[in-house]
Amino acid sequence: MRDFTIDNLTEIVLEEYGSKTKDPRFRQIITSLLEHLHAFVKDVELTEEEWFKAIMFLTDTGKMCDDKRQEFILLSDVLGVSMLVDAINHPKSGRGTESTVLGPFYVAHAPEYENGASIIKQDQGGEVALVQGKVTDPDGDPIAGAKLDVWQTAANGSYDVQDPTMPEYNMRGIFTTDTEGNYAFVTEKPLSYSVPTDGTVGVLLNASGRHAMRPAHIHFIVSADGYESLTTHVFSAGDEYLDSDAVFATKSSLIGDYKESNDTDKAAQYNISAPFSHLRFDMGLMPVGAG
Ligand code: BEZ
Ligand code: FE
C-alpha cells in the first residue's frame with residue numbers, strides 16, 4: 001500500500017477526484033479547487049490550531065445564516081469573490097448598464113407599485129428623493145414593460161430585514177416601465193452604511209484592519225422579456241466611501257448625481273414637497289445572447 005506524504009498527497013488526491021468525477025465541469029472545478037487549496041495549506045504551513053480556527057469560522061458563518069441573513073454571501077462579498085464572479089459573467093462591453101453585486105439583502109416578491117409611488121412605508125426622516133429614468137435597448141429604443149425591483153436602506157442605515165421595528169418591504173418595490181420606457185419612484189436619498197459586523201465577517205474585517213462601510217446606493221434588478229436581467233446599483237456622487245467600498249462593488253459608470261429641485265409642478269405630480277432631491281438614472285439592457 002501507498003504511504004501518503006507531503007510530497008505525494010496532492011497528486012494522489014487530484015488523481016482520485018480527476019479520474020472518478022463523471023461530470024466534466026464539476027471535475028474541472030473540484031480538481032482546480034483542490035490544487036489551489038493544497039497549495040495554500042502548504043504555502044502558509046497551516047498549523048492544526050489555525051486549521052481548527054478556520055473550521056470554526058466557517059461553522060459560525062453557517063450558523064449566522066437563515067432566510068433573512070446570508071453571512072456566506074456577505075463573506076464572498078468582502079473577500080471580493082462576488083465581484084470577481086460578476087466581472088467574469090458580465091464583462092464590461094461598453095453597451096448596456098454595468099452590473100454589480102446582489103448583496104445579502106434582496107427579498108423577492110416586494111409590492112408592485114404604479115410609477116411615481118413611494119417606497120417609504122415608515123418615515124425615517126431622510127431627505128425625500130424622486131428617482132426617475134428610462135430603460136432602453138442598445139439602440140437607445142425604450143423598453144416598455146421592464147420590471148425594476150428596487151431596494152435600499154432606510155435613513156437609519158438598516159434594511160427592513162435587519163430592523164424588526166420596520167414594516168415588511170419598507171424601502172422596496174417593483175415598478176414597471178411605461179410605453180416610453182420610463183420609470184419613477186419616490187424614496188429617501190440613501191446614506192452610506194455599514195455591512196453587518198455582528199457575525200464572522202465583522203471578525204474578519206476587524207482582524208484585517210478594514211472598515212465595513214458601503215457608499216450610499218440604491219439596488220436594482222431590471223428584467224424584461226428577451227433581455228439579460230441586470231443586477232446593479234446607483235451610487236451617490238460625492239459619497240466618501242466610493243473609493244473604499246467594503247465589498248469592492250463600485251463602478252464609475254454607476255454613479256448618479258442627486259440634484260436639488262425646486263420644481264413645484266413635479267413635486268405636486270409625485271405628491272412630495274419642494275425642494276426635493278432629484279436623480280435621473282437611465283439604464284440599458286442587452287438582448288439575450290448578444291454577449
Ligand atoms: C448591500 O448593498 O446590500 C450589500 C452588499 C454586499 C454586502 C453587504 C451589503
Ligand atoms: Fe445595499
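Student: Which polar side chain has an atom 2.6 Å from an oxygen atom of ligand 1?

Tutor: This is a predicted model, in which local features need pLDDT of at least 70 and side-chain atom pairs count only at pLDDT 80 or more, while totals for chains, interfaces and linings use all residues; side-chain values use heavy atoms, with hydrogens and water left out. Residues are numbered from 1 along each chain as its sequence is written, and chains are lettered from A and ligands numbered from 1 in the order in which they are written. The polar side-chain atom at 2.6 Å from a ligand 1 oxygen belongs to Tyr193.

Student: How far is an N or O atom in the side chain of His217 from an oxygen atom of ligand 1, and what is the value for His219?

Tutor: Polar contacts here are pairs of N or O atoms within 3.5 Å; within protein, one must be able to donate a hydrogen and the other to accept it, and residues adjacent in sequence count only if both atoms are side-chain atoms. For His217, the side-chain N or O atom is 2.9 Å from a ligand 1 oxygen. For His219, the value is 2.9 Å.

Student: How much of the accessible area of ligand 1 does the protein cover?

Tutor: Accessible areas come from the Shrake-Rupley method with a 1.4 Å probe, and for residues only the protein chains shown count as cover. On its own, ligand 1 has 260 Å² of accessible area, and the protein covers 100%.

Student: Where does ligand 1 sit, and which elements each supply at least two residues of its shell?

Tutor: Ligand 1 sits in the largest cavity. Residues around the ligand, with a heavy atom within 4 Å of it, include Leu74, Asp77, Tyr159 and Arg214. Helices (H or I, at least four residues) and strands (E, at least two) are DSSP runs, numbered from the N terminus. The elements that each give at least two shell residues are α4 (71–78) and β7 (217–223).

Student: In β9, what is the bridge partner of Phe235?

Tutor: β8 and β9 pair in the parallel sense, over two bridges. The partner of Phe235 in β9 is Ile255.

Student: How many bridges join β1 to β4?

Tutor: Six of the seven residues of β4 (residues 182–188) are buried. One bridge pair sets Val131 against Phe185 of β4. Strand β1 (residues 128–136) runs antiparallel to β4, and the number of bridges is seven.

Student: Is Glu45 buried or exposed?

Tutor: Glu45 is not a glycine, yet has a positive phi of about 45°. The residue lies in the loop between α2 (24–44) and α3 (48–63). With a relative accessible area of 65%, Glu45 is exposed.

Student: What is the phi of His109?

Tutor: His109 lies in the loop between α5 (81–89) and β1. At 67% relative accessibility, His109 counts as exposed. Its phi is positive in a residue other than glycine, near 65°.

Student: Which residues does the cis peptide bond join?

Tutor: Pro275 lies in the loop between α7 (264–269) and β11 (276–280). The bond has an omega of about 0°, and joins Ala274 and Pro275.

Conventions:
Buried < 20%, exposed > 50% of the residue type's maximum accessible area, 1.4 Å probe, protein only. Pairing = 2+ DSSP bridges. 1 Å grid on protein atoms, 1.4 Å probe; cavity = no way out; pocket = protein on both sides within 12 Å on 5 of 7 lines; lining within 4 Å. Sits in = over half its atoms within 2 Å of the grid points.
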